[in-house]
Amino acid sequence: MALPNPFSGTKRKKTEIDALLVLNALPDPLIVIDDDGYICMTNPAGEEFFGLSAKMLMRMTVEEIVPFDSPLLGLVEQVRTLGDCVSEYSVDLGTPKTGVKNVNLQVSLMYGTSNVVVQIEERTIAAKMDRQLTHRGAARSVTAMAIMLAHEVKNPLSGIRGSAQLLEMNASDADRALTRLICDETDRICALVDRMEAFSDDRPIDRDAVNIHEVLEHVRRVAEAGFGRNITFRENYDPSLPFVYGNRDQLVQVLLNLVKNAAEATPEDSGEITLSTAYRHGIRLAVPGAKDKVQLPLEVGIQDNGPGIPEEIMPHIFDPFVTTKTGGSGLGLALVAKIVGDHGGIVEFDTSGEGGKALIRLPVYYINKTDTE
């Protein structure tokens with residue numbers, strides 16, 4: 001026996017949809033280019049991307065808003081010629097007002113016309129969501145190795161050092177130099193293992209309200225008294241920034257590591273480091289260990305005027321033992337990724353501008369907050 005259909009006899013209500021409202025609701029920038037190369041339509045995301053109002057954009061040709069050698073121009077011409085849809089991934093799209101941004105492009109011919117539709121997907125947010133998982137995996141990948149090294153390497157090293165000290169007591173001056181070398185090298189290896197042991201510490205961190213500007217000022221003073229005494233420090237702070245939900249000592253360790261890396265990358269005679277803070281609305285990411293997406297609106301930046309990070313190592317910059325420094329261990333940034341991850345935040349490097357720029361995104365402290373992340 002068939003059950004009665006409760007919807008039988010009812011007529012579906014017709015919903016009127018305004019296509020322009022749908023277009024304006026799209027989060028990705030979109031522009032339409034006519035036969036003469038003029039922009040004849042854009043959405044609010046397009047205005048924000050190009051840094052110009054819709055009225056201004058619709059008075060300009062596409063050649064006026066991107067450089068003459070921009071790959072976008074070639075894709076538009078290809079679509080006009082072949083009448084097909086073309087997608088291009090990881091394209092460096094430069095504009096005079098906004099600089100170079102890494103984007104995905106989808107260019108297609110508007111049906112029934114010769115107008116070309118260009119949809120732009122900024123890769124920044126997607127890349128953050130991918131890299132945050134990679135950074136945590138990179139830090140965790142050395143945890144087991146750190147535990148093993150701590151037990152299996154430090155014990156025999158202590159025996160080697162002790163034996164060298166005994167030999168040094170009855171050695172000649174020439175041999176004493178060799179025993180001293182043995183002691184120095186075993187101390188260096190022990191120090192390296194001690195640094196790796198930090199990865200095996202998986203205890204919950206004690207967190208509270210932290211004024212990130214006080215942390216930055218402390219780090220700047222330490223740097224100016226030591227490795228950064230010949231560097232000019234500049235500050236670009238948002239004074240209205242709320243407290244960070246974090247551990248002050250660990251945040252000092254993270255920022256000191258990043259500032260030291262920046263200092264080593266700057267020119268010897270004209271080094272500059274800019275410390276910045278900002279509040280970014282709408283940054284919500286899925287962080288491992290959290291049930292819901294976490295808001296990470298607090299941004300801390302450390303930018304130098306050095307040569308920047310080589311493109312080939314960018315995907316592995318937070319992996320252990322990856323370094324561009326001669327004699328470096330490659331553990332500093334892996335430890336930074338672990339500590340920031342323990343705070344429920346993310347860390348990345350922005351290569352869109354000159355020099356190198358490290359960006360940390362952290363959660364806000366709330367009065368009734370409990371450590372549930």
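Hi everyone, let's begin with the surface: the accessible area of this chain comes to about 21600 Å², and 53% of that belongs to carbon and sulfur atoms. Areas here come from the Shrake-Rupley method with a 1.4 Å probe, and for residues only the protein chains shown count as cover.

A quick word on the source. This is a predicted model, in which local features need pLDDT of at least 70 and side-chain atom pairs count only at pLDDT 80 or more, while totals for chains, interfaces and linings use all residues. Residues are numbered from 1 along each chain as its sequence is written, and side-chain values use heavy atoms, with hydrogens and water left out.

Now the overall picture. The chain has 12 helices and 14 strands; these are DSSP runs numbered from the N terminus, with helices being H or I of at least four residues and strands E of at least two. Of its 373 residues, 39% count as buried. Buried means under 20% relative accessible area, exposed means over 50%, and partly exposed is in between (1.4 Å probe, protein chains only). Among contacts with a separation of 6 or more, 63% are between residues 24 or more positions apart, a contact being heavy atoms within 4.5 Å.

Let's move to strand S14, residues 357–362. Why is S14 largely enclosed by the rest of the structure? Because 5 of its 6 residues are buried. S14 runs antiparallel to strand S12 (residues 298–304), with 6 bridges joining them, and Ile302 stands opposite Ala358 of S14. Strand S13, residues 346–350, also pairs with S14 in the antiparallel sense, over 5 bridges. There, Ile346 has Arg361 as its bridge partner. Pairing here asks for at least two DSSP bridges between the strands.

Next, helix H11, residues 248–265. Its 18 residues should span 26 Å at 1.5 Å a residue, and the end C-alpha atoms are 26 Å apart, so the two agree. That expected span is 1.5 Å times one less than the number of residues. The buried residues of H11 include Leu251, Leu255, Asn257 and Ala262.

Two threonines next. Thr277 sits in strand S9, residues 272–279, and is buried at 6% relative accessibility. Its side chain makes a polar contact of 2.9 Å with the side chain of His213. For a polar contact we want a pair of N or O atoms within 3.5 Å; within protein, one must be able to donate a hydrogen and the other to accept it, and residues adjacent in sequence count only if both atoms are side-chain atoms. Beyond its neighbours within four places in sequence, Thr277 touches residues including Tyr237 and Glu299.

Thr42, in strand S2 (residues 39–42), is buried too, at 10% relative accessibility. The Thr42 side chain reaches the backbone oxygen of Leu30 at 3.1 Å.

Finally, the cysteines. How many disulfides does a search of the whole structure find? The count is 0, where a disulfide would be a pair of cysteine sulfur atoms within 2.5 Å. Cys40 is partly exposed, with a relative accessible area of 33%, and Cys85 is partly exposed at 39%.
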